[in-house]
There are 2 protein chains.
Amino acid sequence: MMSRWKPDAAGRLAKAALTLFEEQGYAATTVDEIAAAAGLTKRTFFRHFANKREVLFSGSSDLQRLFLDAVVGAPATAGPIDAVAAAFAPVGQMFAGRQPFARIRAQVIAANPELQERELIKLDTLTAALAGALRERGVPEDEALLAAETGVRVFHVAFARWIAQDDPEAFERLMREALQQLRQLVA
Amino acid sequence: MMSRWKPDAAGRLAKAALTLFEEQGYAATTVDEIAAAAGLTKRTFFRHFANKREVLFSGSSDLQRLFLDAVVGAPATAGPIDAVAAAFAPVGQMFAGRQPFARIRAQVIAANPELQERELIKLDTLTAALAGALRERGVPEDEALLAAETGVRVFHVAFARWIAQDDPEAFERLMREALQQLRQLVA
């Protein structure tokens, strides 16, 4: 049952944080301000996020879970790239409602080297997890890492395209198109 | 003309640093120790490297230069991936004499999250530079980024394979094989 007086505290905090990051910059924004803007306490903030940086990375574990579930659930006959691409539909759906957040987030990250590092680590962690899931399917180690790297890079390139255009539902299609473009590039 | 009394100070410092990193760990090693082990002063160390971390990344600019020169120098008819792959021969040659260094370096980096971050940034910087060089060739922006990401990931995967096997001259071949494997994976 949802709390009567504080529905979706994490969501409210994230929205307040992104608004403040956009308005006054990431460095200048404090956890106190974020909590106040969300009408919540600092203590509530720290129940949901380790620090202000993690507000921007709270979706990472959901994203990784969607990729891993897709790889684990793909038909046994699916090749490694098809197993990774099985995540494109659920990942596209996950992001469809988050385009405004994703755009501000991308701007904030682009302006802060510390956040860029964290973003690179997120992608690297996702790559390692995906490679592990592919090995679990019996994909040889060499192929698993290459397929995981490829899948994550397709995701990453398509993500930049998705926030640069206006259709929030387009992310799945943009990932498929980027993979198709990669096929043509290496053909 | 080479200095009579201190030939290749940078090389001696790098070798001393890697030996110490391997023997006693990266964190426990000081610049004083590195300089002493190389028979040089701390001041000489800082003429060549900003800090002990940068000893591990001093080859980054050479690597990037080789990739960019290859892309710039590739025939006008070469597609984006072929332009990037034109770097495989010179990059393989650059590394051929450095396998012992590269192996210790990889171990040190694997054991230190701070260094892993720096390594991710190095690869990301290389990707951005390569994408820029491809755009200069008239490759459309979307394709340039995807080709650069692909080239750097092929380099990265092949690098791990190269240090895991014993032929120092094999790096170029391993990059070509990884690209071929990627072709088959996405076909």
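Me: What makes residues of chain B and chain A count as being in contact, and how many residues of chain B are in contact with chain A?
Reply: Contact means heavy atoms within 4.5 Å, and by that rule 25 residues of chain B are in contact with 25 residues of chain A. The model is a predicted one, in which local features need pLDDT of at least 70 and side-chain atom pairs count only at pLDDT 80 or more, while totals for chains, interfaces and linings use all residues. Side-chain values use heavy atoms, with hydrogens and water left out.

Me: How much area do chain B and chain A bury between them?
Reply: Buried area is the accessible area (1.4 Å probe) that two parts lose on being put together, summed over both; for chain B and chain A this comes to about 2500 Å², 70% of it on carbon and sulfur atoms. On the chain B side, B:Leu146, B:Leu185 and B:Val186 lose the most area to chain A, together accounting for 27% of what that side buries.

Me: Why is the pair B:Glu149 and A:Arg153 called a salt bridge?
Reply: The term requires a side-chain nitrogen of Lys or Arg within 4 Å of a carboxyl oxygen of Asp or Glu, and the side chains of B:Glu149 and A:Arg153 meet at 3.1 Å, N to O, so the pair qualifies. Across the interface of chain B and chain A the rule finds 4 salt bridges.

Me: Why is A:Gln99 called buried, while B:Arg183 is called partly exposed?
Reply: Buried means under 20% relative accessible area, exposed over 50%, and partly exposed in between (1.4 Å probe, protein chains only). A:Gln99 has a relative accessible area of 5% and is therefore buried, whereas B:Arg183, at 25%, is partly exposed. B:Arg183 touches A:Val186 and A:Ala187, residues up to four places away in sequence not being counted.

Conventions: Residues numbered from 1 in each chain as written. Chains lettered and ligands numbered in written order.
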